[in-house]
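The points after the lead are grouped by topic.

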Amino acid sequence: MRDEINLRAYGKINLGLDVTGKRPDGYHEVRMVMQNVSLYDSVKIRIRRTPGIGVRTNLPFLPTGPDNLVYRAAKLLMDEFGVEEGVSISLYKKIPVSAGMAGGSSDAAAVLVGMNRMFRLGLSKRQLMERGMKLGADIPYCIMRGTALAEGIGEKLRRLPSMPECFLLLAKPPINVSTKFVYGNLKADSLPFHPDIDGIQRGLEERDLAAIASCMGNVLETVTIPAHPQIQEIKDQMKASGALEALMSGSGPTVFGIFTEREAALKAETKIRDGGLARQVYMARPFHVDGGNRR
Ligand code: ATP
């Protein structure tokens with residue numbers, strides 16, 4: 001049994017996010033193209049003598065008890081498998097929090113994968129994904145990673161070809177957008193547009209970045225942009241600086257821009273910072289899983 005493991009929990013963006021209906025239980029049916037980015041949180045798990053789960057993080061405002069998703073992920077497996085040792089989890093967060101980048105879900109996915117390996121629980125990827133689903137709809141994707149189509153409430157996954165190489169500029173404006181508010185105010189039956197999710201898939205198959213960009217869209221912008229016009233301003237700034245396209249990720253407020261030239265992305269970064277639109281701005285690349293890429 002290994003007594004320490006280090007993992008990377010990558011953030012994601014949505015190249016497309018469509019809502020196709022609302023279920024009787026209140027959940028929305030979605031069609032989303034998920035793409036990991038190179039920005040990641042570091043997750044270290046250590047076995048300790050004292051029983052229980054300890055969580056430490058570099059962000060003082062994050063919960064360290066059962067409200068942290070890494071705590072819940074560890075507890076789920078420890079309860080099911082009667083693990084008697086305790087674990088300490090150190091979380092070094094770089095993915096912006098409450099940003100639409102699934103940071104918490106990715107951290108939880110890393111803990112499930114890490115605990116399975118450390119304690120030799122023998123769960124397959126599929127079995128881990130089933131357990132992840134109990135903690136959050138995005139967690140199965142965060143276990144799968146890479147490029148994927150997510151349907152249902154996000155849990156039905158199909159792997160897609162990797163996104164072509166490019167520069168991804170990520171900018172999170174200093175506003176808080178709750179996922180509940182966004183879905184709660186979405187007029188799912190009368191959306192003014194739908195992104196071309198099938199077109200994005202074709203663009204991925206043909207490795208055509210311009211085609212992917214021309215099909216992108218996120219219906220959740222119909223709620224967040226009227227409430228927070230600075231999201232539109234960031235998109236406009238990225239496009240004026242040469243982005244093929246710029247879009248809000250998930251329920252926001254992070255905006256990502258797709259650039260073929262690093263210089264253009266750097267110019268957009270400077271403009272966004274200098275214009276006071278966002279301080280949390282990151283240059284990233286698509287993150288691919290190939291050849292069994294370890295975490
Ligand atoms: P999503 O894209 O899945 O909607 P998000 O980017 O909007 O996720 P997260 O950063 O994953 O949001 O989670 C934010 C909320 O979850 C905050 O209220 C935070 O306190 C809580 N949380 C619990 N565990 C974590 C974690 N490990 N990292 C970040 N936030 C966490």
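**Backbone, ligand and cysteines**

R120 is found in the loop between α2 and α3 (125-133); helices (H or I, at least four residues) and strands (E, at least two) are DSSP runs, numbered from the N terminus. This is a predicted model, in which local features need pLDDT of at least 70, side-chain atom pairs count only at pLDDT 80 or more, and totals for chains, interfaces and linings use all residues. Residues are numbered from 1 along each chain as its sequence is written, and side-chain values use heavy atoms, with hydrogens and water left out.

**Backbone geometry**

- Most residues other than glycine have a negative phi, and most peptide bonds are trans.
- R120, which is not a glycine, has a positive phi near 45°.
- R120 is exposed, at a relative accessible area of 64% (buried means under 20%, exposed over 50%, partly exposed in between, with a 1.4 Å probe and protein chains only).
- A102 is not a glycine either, and its phi is positive at about 55°.
- A102 lies in the loop between β4 (86-92) and α2, and it is buried at 13% relative accessibility.
- A cis peptide bond, with omega near 5°, runs from G252 to P253.
- P253 is placed in the loop between β9 (245-248) and β10 (255-259).

**Ligand site**

- The ligand is surrounded by 20 residues, the closest being N68, S98, G100, A102 and G104 (a residue counts if one of its heavy atoms lies within 4 Å).
- Helix α2 (residues 103-118) gives the largest share of this shell, four residues.
- One nitrogen atom of the ligand is 3.0 Å from a polar backbone atom of L69.
- A ligand nitrogen atom is also 3.0 Å from an N or O atom in the side chain of D107.
- An oxygen atom of the ligand lies 3.3 Å from a polar side-chain atom of D138.
- Of the 610 Å² of accessible area that the ligand has on its own, the protein covers 77% (Shrake-Rupley method, 1.4 Å probe).

**Helix α1**

- L77 belongs to helix α1 (residues 69-81) and is buried, with a relative accessible area of 0%.
- The C-alpha atoms of L77 and L112 are separated by 7.4 Å, although the two residues are 35 residues apart along the chain.

**Cysteines**

- The whole structure has zero disulfides (a disulfide is a pair of cysteine sulfur atoms within 2.5 Å).
- The sulfur of C166 has its closest cysteine sulfur in C215, 15 Å away, which is too far for a bond.
- C166 is buried at 2% relative accessible area, and C215 is buried at 14%.

Terms used: A polar contact is a pair of N or O atoms within 3.5 Å; within protein, one must be able to donate a hydrogen and the other to accept it, and residues adjacent in sequence count only if both atoms are side-chain atoms.
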